[in-house]
Amino acid sequence: QQQQQQQPAFTNPQNTQTTSVQVPNLGQLIRDTVSGVVSVLSAPLTENYVGRCDITNKYLWINGPKWYHKPGTTEDLCEEEWLKLPNSQRATFILVKTPENLENNSIYWSGHNYSS
């Protein structure tokens, strides 16, 4: 039986020693980030309000993944993290369905004018 050789992640230019580096879930992190950015950029203008989960850093947008906002703050959570909260803390967040659910919605607006 032959053993499969792994490609080295990095090669030391001083000699032939190699060092393999494994980054767990890096591929998934990249896919989630790219997917979030593409979804936000392709969303209709009325849905171009963007937040990020304060815990997971996932992108959140209106009519996208469920976005929970705590009124009077800049706290935002994705559904996954919101569900981990005790019921008493969940009750302090609202599900963002329209820009009006964000009392200071200008900080969430991502519709930039790139022509200037």
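A residue counts as buried here when its relative accessible area is under 20%. Keep that cut-off in mind, and remember that this is a predicted model.

**Stop 1: the aromatic pair**

Select Tyr68 and Trp82. Both residues are buried. Now show their rings. A pair of aromatic rings is described by the distance of the centres and the angle of the planes. The count of aromatic pairs comes to one. That pair is Tyr68 with Trp82, and it is stacked. The centres are 4.0 Å apart, with 0° between the planes.

Colour by secondary structure next. Tyr68 belongs to strand S5, residues 67-69, while Trp82 belongs to helix H2, residues 79-82. The two residues are 14 apart in sequence, so their pairing ties strand and helix together.

**Stop 2: charges over rings**

The charged end of Arg90 sits over the Trp82 ring, 5.2 Å from the ring centre.

Then select Arg52 and Tyr59. Arg52 lies over the face of Tyr59, with 4.1 Å to the ring centre.

**Stop 3: around Arg52**

Keep Arg52 selected. Arg52 is part of strand S3. Is this residue buried, exposed or partly exposed? Arg52 is partly exposed, at 31% relative accessible area.

Show what surrounds Arg52. Leaving aside neighbours within four places in sequence, Arg52 is in contact with Asn57, Lys58, Tyr59, Leu60 and Asp76.

Now pick the C-alpha atoms of Arg52 and Cys78. They are 7.8 Å apart in space, although the residues are 26 apart in sequence.

**Stop 4: two cysteines**

Move to Cys53 and Cys78, and show the sulfur atoms. How many disulfides are there? The count is zero. The closest cysteine sulfur to that of Cys53 is in Cys78, at 3.4 Å. A disulfide needs the two sulfur atoms within 2.5 Å, so 3.4 Å is too far for a bond.

Check the accessibility of each. Cys53 has a relative accessible area of 1% and is buried. Cys78, at 5%, is buried too.

**Stop 5: the sheet**

Switch to a cartoon view. Select strands S5, S6 and S7. Strands of a sheet pair through backbone hydrogen bonds, either parallel or antiparallel. These three strands form an open sheet in the order S6-S5-S7, with antiparallel pairing. Which strands lie at the edges? They are S6, residues 76-78, and S7, residues 94-95. Each of these edge strands pairs on one side only.

Zoom in on S5 and S7. The two strands run antiparallel and are joined by two bridges. Select His69, then Ile94: Ile94 is the bridge partner of His69 in S7.

**Stop 6: salt bridges**

Show charged side chains. Side chains of opposite charge can pair when their charged atoms come close. The structure holds three salt bridges.

Begin with Lys58 and Glu80. Their closest N and O atoms are 3.1 Å apart. The pair links distant parts of the chain, 22 residues apart. Lys58 is in the loop between strand S3 (50-52) and strand S4 (59-61), and Glu80 is in helix H2. Lys58 is partly exposed at 34% relative accessible area, and Glu80 is partly exposed at 42%.

Select Glu79 and Lys66 next. Their side chains meet in a salt bridge of 3.8 Å, N to O. Here too the link is between distant parts of the chain, 13 residues apart. Glu79 is in helix H2, and Lys66 is in the loop between S4 and S5. Glu79 is partly exposed, with a relative accessible area of 30%. Lys66 is partly exposed, at 42%.

Finish with Lys84 and Glu81. This salt bridge is 3.1 Å, N to O. Look at how each partner is placed. Lys84 counts as exposed, at 57% relative accessibility. Glu81 counts as buried, at 9%.

**Last stop: Glu81**

Hide the rest and keep Glu81. Glu81 is found in helix H2. What does Glu81 touch, not counting residues up to four places away in sequence? Cys53, Ile55 and Thr56 are its contacts by that count. Cys53 brings you back to the cysteine stop, where its sulfur is 3.4 Å from that of Cys78.

Definitions and conventions. Residues numbered from 1 in each chain as written. Predicted model: local features only at pLDDT ≥ 70, side-chain atom pairs only at ≥ 80, totals over all residues. Heavy atoms only, no water. Phe/Tyr/Trp six-rings, centres within 6.5 Å; stacked < 30°, edge-to-face > 60°. Helix = DSSP H or I, 4+ residues; strand = E, 2+ residues; numbered from the N terminus. Buried < 20%, exposed > 50% of the residue type's maximum accessible area, 1.4 Å probe, protein only. Lys NZ or Arg CZ within 6 Å of the ring centre and 35° of its normal. Contact = heavy atoms within 4.5 Å. Pairing = 2+ DSSP bridges. Salt bridge = Lys/Arg side-chain N within 4 Å of Asp/Glu carboxyl O.
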